[in-house]
Amino acid sequence: MKIVFINVPWMKYYAGEGDEEVLVPACGYNFQHVNGYYYGYGEGMDTFPIEKFEGVSSSDEAVHDVTVIWTAHNRKGENKVIGWYKKATIYKEMKESLSLDSERTIFKYSIKAPAKEALLLPVELRLLDARPMEEGVYFESDESVIRDIAMYIHNYQDDKMNFVFQEKDLEGKSVLNFPEFEMYFAKADEFLGKDLYGRAVRCFNKAIEVEPELAIGYECKGSIFLSLKMYDEALKIYQKVLELEPDNEGATYCMGLINGLLGNYEESLEYYNTYLQMRKNDHNALAERGIVHYYLNHMEQAKRDIQKAYKKEQDNESLKVLIDYIG
C-alpha cells in the first residue's frame, strides 16, 4: 500500500472562497469538486519526492494508486486527520495552467484523485490523532500506524463534508405532482436554498418531462451542473438548450465557457465569437476568449482580448493576473 501523510493549514471546507479563512491558502481548494476529481496542492509541493515510494524512481513523472492522508492542526494545536484521497496520482512536478475558472485563474495541483474516492471529515469528527508534523509531506515508516489508518479508512461509515453528486439524481424525476409547471421551479429553488442539489435536479427533470420543448427546464438544470463544476453533464444540457433555442445568449456563452474548461478550444472559440457578437461589452467573456486564444497559440489575439478587457476593468484582480501571466 502506497501511503503518504500531508499536513496543511486548518480549514473547514477546503473548497475555496467562503471558507473560515480570510485568505485562501495554497491547500484551500483541495476538496473542491472539478468534473469528477479533486486536485490537491499545498505549500512546498512544487516538487514532490515520489522516489520515496517503493518501486518508484526519481526518473518517473508520477506515481499512481496512492492513499493520501490529509492532516491539520486544529484550533487547539492538535494534529488531526481531516480527510483522505484514495487511488490518487501524485506528480513529481507541480502542474500549473491558466484556467477559465474565475475562482482559480492560475490552476495549480500536485495530486489528482477521483472525487468518489475522497472524503473530508466534518469538523466535529476530526478526532483521529496524527503524528505531530510541520506543514508539508511526511512518509510514515511505522507499519502499525499505516495498518491502523488503513483500517480506519476502510471501516469509516460516518458523515462526510465533501459533496459528490449522486448518479441516480442525474435523470431521476421528482415524485411530486403539481398542477402548474412553474411550481416545480419554486420547489427546486426551495431545495437549492438548502443545498439539496439532487432533489432540485429531480424537480427540473420532472418539469422537463411535463414540458420537454421548453428550454427553461434544461437551462436551470444546466446551471446547477455548471455551478457544481460538473462540466461533462453541463455540456450535454446546454447543447439541448441550443437545439431548442439556437439564439439563446446565455447558453451560447456557457457552451464557450464549458468547452474551454474541458480543453475543447476550437469549439470554445466558435461559441465565444458568436456570443461576443451578441454581447460586445461583456469584458469577462472577452478575457475568457483571450485564454482560449492563448491555448490555441494565437498569442496576439490573446493579448489583445485580455488587454482590452483590462482597460475596462482595471480593478479586476483576475485580469491583472492574466496580464502578468501572458505578458
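Modeller: Contact means heavy atoms within 4.5 Å. This is a predicted model: local features need pLDDT of at least 70, side-chain atom pairs count only at pLDDT 80 or more, and totals for chains, interfaces and linings use all residues. Residues are numbered from 1 along each chain as its sequence is written, and side-chain values use heavy atoms, without hydrogens and water.

Biologist: Leaving aside neighbours within four places in sequence, which residues is S268 in contact with?

Modeller: S268 lies in helix α8. Helices are DSSP runs (H or I, at least four residues), strands likewise (E, at least two), numbered from the N terminus. With neighbours within four places set aside, S268 is in contact with G256, N259, G260 and V292.

Biologist: Is S268 buried or exposed?

Modeller: Buried means under 20% relative accessible area, exposed over 50%, and partly exposed in between (1.4 Å probe, protein chains only). The relative accessible area of S268 is 0%, so S268 is buried.

Biologist: Is α8 roughly parallel or antiparallel to α9?

Modeller: Axes are lines fitted to C-alpha atoms over the stretch in contact, and angles run from 0 to 180 degrees between N-to-C directions. Under 35 degrees counts as roughly parallel, over 145 as roughly antiparallel, 65 to 115 as roughly perpendicular, and the rest as oblique. Helix α8 (residues 265-278) and helix α9 (residues 283-295) pack at about 150°, with axes 10 Å apart. That makes α8, relative to α9, roughly antiparallel.

Biologist: Which residues of α9 make the contact with α8?

Modeller: From α8 come Y265, S268, L269, Y272, N273, Y275 and L276. Their partners in α9 are A285, L286, E288, R289, V292, H293 and Y295.

Biologist: Which residues have the most contacts inside the largest nonpolar core?

Modeller: A nonpolar core is a set of buried Ala, Val, Leu, Ile, Met, Phe, Trp, Tyr and Cys residues joined through side-chain atoms within 4.5 Å. The largest one has 57 residues, and those with the most contacts inside it are Y238 and I258.

Biologist: How many residues of strand β3 are buried?

Modeller: Strand β3 covers residues 62-73 and is largely enclosed by the rest of the structure. That is because, of its twelve residues, the buried ones number nine.
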